[in-house]
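Here is a short note for someone opening this structure for the first time. The points can be read in order beside the sequence and the model.

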Amino acid sequence: MRGGENGSYRVVGIDPGLANLGLGAVEEERKQARLLGSVLLRTRSSDAGPVRLMALRDGVTAFLATHRPDAIVLEAQFFHRQKAVSFKVGQAFGIVLLCAADLGVPVFEYGPLQVKQALVGTGRADKGQVAFMVRALLEMPRQPSTDHEADALALALTHLQSRRLSAALTGRA
């Protein structure tokens, strides 16, 4: 497993979307997670598709360069009834995969049910409960600014929990 020089482990969670892409960076050291930062990247629907994709690429690249993650976590994508929405989310997903490949950072995926189960203890949790747990686990003074940022941070925290569980099961804890 990758990790920082001082035993820390940095994760960037990403809630992909073409119009709104949430990014959240968390660092774990001695089994304690702390917030490094979060941001919402927005693109305008009036801009041409390639312009929007370049804006996302530039924003994701800058965030990753700032936070230097050991892992990137994306929300697993499922087929939506709305094919146009799925296609746009898929484009953003592809941009993130490209940015990760450029940096040689491994990518992990978790579905919404896994995130809710990991953070709240039930797959039936709502967005407010997940955001509350993100705030509590990261000891934030208030909840993240947007649902997209909360989702990105929730993904990062889910990966940290999964990593700890995997280490415990394999005797590397």
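1. A residue is called exposed when its relative accessible area is over 50% and buried when that value is under 20%. These terms are applied here to a predicted model. Arginine 30 has a relative accessibility of 71%, so it counts as exposed. Its place is the loop between strand S2 (20–29) and strand S3 (32–42). The phi of arginine 30 is near 55°, which is a positive value in a residue other than glycine.

2. Glutamate 139 also deserves a look. It is not a glycine, yet its phi is positive, at about 50°. Glutamate 139 sits in the loop between helix H4 (127–137) and helix H5 (147–170). Because its relative accessibility is 64%, glutamate 139 counts as exposed.

3. Helix H1 covers residues 49–67, 19 residues in number. From its first C-alpha to its last, H1 reaches 27 Å, close to the 27 Å expected at 1.5 Å a residue. After H1 comes arginine 68, with a positive phi near 40°.

4. Which residues of H1 are buried? They are Arg52, Leu56, Gly59, Val60, Phe63, Leu64 and His67. These residues lie on the same side of H1, because they cover an arc of only 130° around the axis. In an α-helix there are 3.6 residues a turn, so residues three or four places apart point the same way. The face of H1 turned away from the buried side carries the exposed residues Pro50, Ala65 and Thr66.

5. What covers the buried residues of H1? The cover includes strand S1 (9–15), S2, S3, strand S4 (71–75) and helix H2 (83–103).

6. The sheet is open and has five strands in the order S3-S2-S1-S4-S5, with mixed pairing. S3 and strand S5 (107–110) are the edge strands, each pairing on one side only. On average, neighbouring strands of this sheet are turned by 20° against each other, direction ignored. H1 packs on the sheet and touches S1, S2, S3 and S4. The direction of H1 makes about 160° with that of S3.

7. One pairing can be followed down to single residues. Strands of a sheet pair through backbone hydrogen bonds, in either a parallel or an antiparallel sense. S4 and S5 pair in the parallel sense, over four bridges. Isoleucine 72 has valine 107, in S5, as its bridge partner.

Key. Residues numbered from 1 in each chain as written. Predicted model: local features only at pLDDT ≥ 70, side-chain atom pairs only at ≥ 80, totals over all residues. Heavy atoms only, no water. Helix = DSSP H or I, 4+ residues; strand = E, 2+ residues; numbered from the N terminus. Buried < 20%, exposed > 50% of the residue type's maximum accessible area, 1.4 Å probe, protein only. Expected span 1.5 Å × (residues − 1). Arc of directions from axis to C-beta. Contact = heavy atoms within 4.5 Å. Pairing = 2+ DSSP bridges. Axes fitted to C-alpha atoms, helices over the stretch in contact; angles between N-to-C directions.
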